[in-house]
Amino acid sequence: MDRPLLSLRTTLVFLLALLVGAAAGGLTALAGEGAPRSLLAGLGAAGLAVPFFDRLIDADADGGRAGRRDRSGAGTGRGEGRG
């Protein structure tokens, strides 16, 4: 196998999610909750952090143009009221 198992982007997303989950679980444990609730809070936070960081890193990858449409030819189509 010549290439790594995970890409750098995927590894970064999982690492950040792991840090968020550990922080949430640790803070929950410090608040006086038991170990099972702390674990569930950490897993829930990590699960929600994966799509968040995935979108966040993806938006930076294309220069912040995610969601923008090319409007160079806007208004020149048929039926645009330019009669």
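In which helix is the place of F14? In this predicted model, F14 is situated in helix 1, which spans residues 8-30. The protein chain has two helices and zero strands in its secondary structure.

Across the 83 residues of the protein chain, 16% are classed as buried. The accessible surface of the protein chain comes to about 6900 Å², of which carbon and sulfur atoms contribute 60%. Among contacts in the protein chain with a separation of 6 or more, 62% involve residues 24 or more positions apart.

Part of the surface is a nonpolar patch formed by M1, L5, L6 and F14, whose accessible area together is about 520 Å². F14 has a relative accessibility of 44% and is therefore assigned to the partly exposed class.

Two salt bridges are present in the structure. In one of them, the side chains of D54 and R9 meet at 2.6 Å, N to O. Because D54 belongs to helix 2 (residues 35-61) and R9 to helix 1, this pair ties together parts that are 45 residues apart in sequence. Both partners are partly exposed, D54 with a relative accessible area of 32% and R9 with 33%.

The side chains of R37 and E33 also form a salt bridge, with an N to O distance of 3.3 Å. Here R37 counts as exposed, at 56% relative accessibility, whereas E33 is partly exposed, at 36%.

How values were computed:
Residues numbered from 1 in each chain as written. Predicted model: local features only at pLDDT ≥ 70, side-chain atom pairs only at ≥ 80, totals over all residues. Heavy atoms only, no water. Patch = residues over 30% accessible without salt bridge, like charges linked within 9 Å, V, L, I, M, F, W, Y side chains within 5 Å. Areas by Shrake-Rupley, 256 points an atom, 1.4 Å probe, with all protein chains shown as cover. Salt bridge = Lys/Arg side-chain N within 4 Å of Asp/Glu carboxyl O. Helix = DSSP H or I, 4+ residues; strand = E, 2+ residues; numbered from the N terminus. Buried < 20%, exposed > 50% of the residue type's maximum accessible area, 1.4 Å probe, protein only. Contact = heavy atoms within 4.5 Å.
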